[in-house]
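Hi,

Here is the structure I promised to pass on. Could you have a look when you get a moment?

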Amino acid sequence: MAPLHEMDQALASQLIDVRRNLHREPELAYEEFRTTEKLREWLTIANIRILDLPLETGLIAEIGQGNGPIVAIRCDIDALPVEEQTELAFASEIPGRMHACGHDFHTAVILGAALLLKEHESELPGRVRVLFQPAEETGHGAERVLASGGLKDVAAIFGLHNSPDLPTGAFGTRTGALTAGVDRFEITVKGVGAHAATPEKGVDTIVTAAQMITMLQTIVSRQNNSLEPVVLSVTRIHGGFTWNVLPERVELEGTVRTYNEEIRRHIPIQMTRIIEGIAAGAGAEAQLHWYPGPPATVNHGKWADFAKAVALDAGYDVHELPLQMGGEDFSFYLQQIPGAFVNIGTGPAYALHHPRFDVDEAAILPAAKYFASLAERALAELQEKA
């Protein structure tokens, strides 16, 4: 990246201050009241209008005039229930809360893009909706934004995530599926408690649950097309309270990830068949509770290619990303609005959600300038095709 000019340095410093301000006071999903107040204040100072929408947290601003096309750029604003261990001078001041996924970085980037777009608002061939979305970590914040009507008439939408797997100055995206659909499940196994010395007098839920865990893996290895990526992980087991009693109840919890919607719909059916069959054979009972999350994030080819072309012009080292098994509720927008989700390199660091996670703040200004350019050029593209 080229050296910063004086005006760039001032904006970079401002956006770094924004990021650090947010980092000190992280707020969890649906609790981002102070974060929303800060954003409202910063946007108001910049004379950027804020839409009146039924959102308790998060907000949408708009830049531009007239009846031309509308493009949206989106960031997420919520933090995680993680105890920070970075020892940064601006580390979280709220115990058990941390911006361990870089949403503070995302917010600073998109706020910066809004400030840049505002500088030549009268020249825009349309309007840009600037979306500061709550509750991404729940997987359902995007649905609330869509329900608010704040993205009505938007013709294209773009979003970002920082990537500790890409160096600063690198950019990545891909056409088609990028992140997986994310579903959560719970399994309840009920049997008959007994003394550990006389298991024949009970129905052993521990052994039954263990057989279920093993057999559930055959859904991936034996019941689905091996060419289709699927992950089924049991991540929590809870049963029993002491060493010499067989518990009456065991709970399992986990997640399923896949890009294929047909497979996604069929997996709970396969799981139910397995757990009920094993339970019946043991004389126990089992029930599956299925909690659907966001679908796969599927980029539209035109806009993914467009985003890459703008990134090349901005001086980024552009990468074709591999499929990712992580989830992202930006997927809900892409089901209704054409667009693309991209990754911005923030340098080698601890993984997302790690208590020592951090970003390279030198990546903030280039990303802000990129998203301002992306939005403006997308408006011009849409205007030309109209």
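Below are my notes on what turned up in it.

First, the ground rules. This is a predicted model, so local features need pLDDT of at least 70 and side-chain atom pairs count only at pLDDT 80 or more, while totals for chains, interfaces and linings use all residues. Numbering runs from 1 along each chain as its sequence is written, and side-chain values use heavy atoms, with hydrogens and water left out.

Let me start with E32, in the loop between α1 (6-24) and α2 (33-45). (Helices are DSSP runs of H or I with at least four residues, strands are E runs of at least two, both numbered from the N terminus.) E32 is buried but has no salt bridge, and the nearest side chain of opposite charge, R144, is 7.9 Å away. Buried means under 20% relative accessible area, exposed over 50%, and partly exposed in between, with a 1.4 Å probe and protein chains only. A salt bridge needs a side-chain nitrogen of Lys or Arg within 4 Å of a carboxyl oxygen of Asp or Glu; for charge, Lys and Arg count as positive and Asp and Glu as negative, with His and the chain ends not counted.

What does the side chain of E32 make a polar contact with? One partner is the side chain of T57, at 2.8 Å, and the E32 side chain also reaches the backbone nitrogen of A135 at 2.8 Å. (A polar contact is a pair of N or O atoms within 3.5 Å; within protein, one must be able to donate a hydrogen and the other to accept it, and residues adjacent in sequence count only if both atoms are side-chain atoms.) A135 sits in the loop between β4 (127-133) and α4 (141-148). D153 is not a glycine either and has a positive phi of about 70°, but D153 counts as exposed, at 59% relative accessibility.

Now the sheet. Eight strands form an open sheet with mixed pairing, in the order β1-β2-β4-β3-β5-β16-β6-β15. Strands pair if DSSP finds at least two bridges between them. The edges are β1 (49-50) and β15 (317-320), each pairing on one side only. β15 pairs with β6 (residues 170-173) in the parallel sense over four bridges, and F171 stands opposite V318 in β15.

F171 also turns up among the contacts of Y370 (heavy atoms within 4.5 Å), along with A307 and V310. Y370 is one of the residues that touch the most other members of the largest nonpolar core, which has 64 residues. Helix α10 (residues 364-385) gives the most to this core, with 12 residues. (A nonpolar core is a set of buried Ala, Val, Leu, Ile, Met, Phe, Trp, Tyr and Cys residues joined through side-chain atoms within 4.5 Å.)

Finally, the structure holds 25 salt bridges. E361 counts as buried at 13% relative accessibility, whereas R20 is partly exposed at 30%.

Best wishes

How values were computed
Lists of a residue's contacts leave out its neighbours within four places in sequence.
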